[in-house]
Structures are given as C-alpha cells and as structure tokens.
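Open the model in your viewer and keep the sequence panel beside it.

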Amino acid sequence: AECPHAALALLEHVFTVIFVAEFFARTRVFTWRYYVSPANLMDAMLVWVTGVLFQWVMPLLNISGGGSAARSLTIFRAFRLMRLARVVRTLPQFKEMWLLLRGLLDSGRTLLWTAVVFLFVDFVFGVVFMMVIADSPHYSGQQDKYRECVASGRSACETSPEKAAAVMVQKYFPSLEMTMFTLFQVMTGDSWAEAIARPTDVNQPGTFYLFVCYVLVASFVLLNLV
C-alpha cells in the first residue's frame with residue numbers, strides 16, 4: 001500500500017531536480033532577462049514555490065502540510081500542469097487539445113463579463129423578490145411560524161400549506177444575499193418549482209409568474225447568449 005506513495009514522492013523529487021536544473025540552464029543561456037516575460041516568470045514561480053519550497057524547504061523546517069495555511073498553499077502545486085501544457089503545444093499529436101485550451105484561455109474576458117451580467121440580473125431580481133415576497137405582509141409573522149414549525153417537527157410544517165410557505169420564505173429569502181443565492185438555484189433548475197415557487201404561490205397567488213419571468217430571462221435568454 002505504501003509503494004505507490006513512495007514512488008510518487010520519489011518522482012516529485014526527481015522532477016523538482018530536473019526543473020531546477022532547467023531553470024539555471026535557461027538563466028545561463030538567456031540571462032535574467034528571460035524572466036521579464038510574465039509567462040516565464042510564472043513558470044519560474046511554479047518551479048521554486050510548488051517544487052523547491054514544498055518539497056525541500058518546508059520539510060527541512062519541519063513545517064507540516066496538514067495546517068490550514070500550508071494546505072491552502074499546496075493547492076498551487078496543481079498549476080504545475082501548466083508546464084506540461086507549454087510542452088505539448090509544440091507537438092502535432094496534441095494540436096486539437098491545445099486548440100481547446102487556447103480557446104478556453106481566450107474566452108476568459110468574455111466569461112468575466114458574462115459573470116458580471118449574471119450578477120447584475122441576479123441582484124435586480126433579488127431586490128424585486130425581497131420586496132414582493134420577503135417583505136410581504138403575508139409573512140409578517142413568519143419568524144414565529146418558523147420557530148413553531150421547527151419546534152413541532154418537519155411533519156407538522158408539511159401538514160399546513162401556510163406554515164410550509166412561511167418556513168420556505170424564512171429559509172430561502174431571509175436576506176438579499178440568500179435571495180440572490182436562491183435565485184441562482186432557480187437559474188440552474190435545481191427543483192425550484194416544487195421546493196420554492198409552489199409554496200410561495202400558496203399565500204401569494206401570482207408569484208409563480210415572477211419566477212417564470214426570472215427563469216425566462218436568466219436561464220433561457222442569458223444562457224443561450226453565452
């Protein structure tokens with residue numbers, strides 16, 4: 001059971017030695033100006049941080065990787081795959097894979113603005129849902145109803161549609177942040193009709209159309225534009 005772990009640990013040291021030797025060889029040939037480029041500088045950081053620091057320096061200083069801070073830093077070791085991508089891009093056998101990776105990298109700016117638009121739409125509809133549902137007089141006593149349902153058990157809440165709606169509103173629409181997260185759940189289609197929209201429609205008939213309007217804008221229009 002220890003053989004694979006020992007073999008992988010040995011390979012970690014072998015590749016770290018190779019990468020460090022490559023770093024000094026490039027420095028000798030191209031001088032330090034080679035690392036003025038952001039891509040080359042990032043490559044050097046991958047060697048010294050994820051390789052030398054994690055494999056040699058931290059064990060010598062008896063710094064365990066089990067701590068939360070150390071474990072967070074070790075996540076960057078996964079970025080060493082970027083070195084592999086730089087190598088395979090020059091091989092004809094991996095031309096299609098490199099095209100896919102290049103397309104993903106080139107779409108980063110578009111994905112960023114897409115996230116901004118989604119956040120804006122989610123925020124606008126979140127304010128509307130807070131005004132229409134969370135601040136509705138139908139749920140003026142929802143805090144007491146919610147505590148009553150929790151104290152009496154889940155089955156007692158399900159037997160009363162009004163109590164179930166009160167519990168749903170308290171659970172999914174307590175604040176603007178949670179409302180936006182709830183709308184994100186609705187956008188992904190995660191059982192929004194049965195768990196969220198229908199209980200709301202019990203006390204406020206017609207709110208179901210508000211959910212349908214949000215789904216049409218967020219799910220059908222925006223997602224199809226992307």
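This is a predicted model: local features need pLDDT of at least 70, side-chain atom pairs count only at pLDDT 80 or more; totals for chains, interfaces and linings use all residues.

Residues are numbered from 1 along each chain as its sequence is written, and side-chain values use heavy atoms, with hydrogens and water left out.

**Stop 1: helix H1**

Select residues 3-30, which make up helix H1. Helices here are DSSP runs of H or I with at least four residues, and they are numbered from the N terminus.

Now select Leu8, Leu10, Leu11, Val14, Phe15 and Ile18, a nonpolar surface patch with about 560 Å² of accessible area together. A patch takes residues with over 30% relative accessible area and no salt bridge; like charges are joined within 9 Å, and nonpolar side chains (Val, Leu, Ile, Met, Phe, Trp, Tyr) within 5 Å. The areas come from the Shrake-Rupley method with a 1.4 Å probe, and for residues only the protein chains shown count as cover.

Pick out Leu11, which belongs to helix H1. The cut-offs are under 20% relative accessible area for buried and over 50% for exposed, with partly exposed in between (1.4 Å probe, protein chains only).

Further along H1, show the side chains of Glu22 and Arg26. They form a salt bridge, with the closest N and O atoms 3.1 Å apart. The term means a side-chain nitrogen of Lys or Arg within 4 Å of a carboxyl oxygen of Asp or Glu. The two residues are 4 apart in helix H1, about one turn. An α-helix has 3.6 residues a turn, so residues three or four places apart point the same way. Arg26 is partly exposed at 29%, and Glu22 is partly exposed at 26%.

**Stop 2**

Select Thr31, in the loop between H1 and helix H2 (38-60). Its phi is near 65 degrees, a positive value in a residue other than glycine. Most residues other than glycine have a negative phi. Thr31 is partly exposed, at 39% relative accessible area.

**Stop 3: helix H5**

How many salt bridges does the structure hold? There are 3. For another of them, go to helix H5 (residues 95-106), where Arg102 and Asp106 lie 4 residues apart. Their side chains meet at 3.7 Å, N to O. Asp106 is partly exposed at 49%, as is Arg102 at 42%.

**Stop 4: Ser191 and helix H11**

Select Ser191, in the loop between helix H10 (176-188) and H11. Ser191 has a positive phi, near 45 degrees, and is partly exposed at 43% relative accessible area.

Next, select residues 192-203, helix H11, where Glu194 and Arg198 sit 4 residues apart, about one helical turn. These two side chains form a salt bridge (3.4 Å, N to O). Glu194 is exposed, at 60%, whereas Arg198 is partly exposed, at 47%.

Finally, colour Trp192, Ile196, Ala197, Pro199, Thr200 and Asn203, the buried residues of H11. Viewed down the axis of H11, these buried residues fall within an arc of 165 degrees, so they line one face of the helix. The arc is that of the directions from the helix axis to the C-beta atoms.
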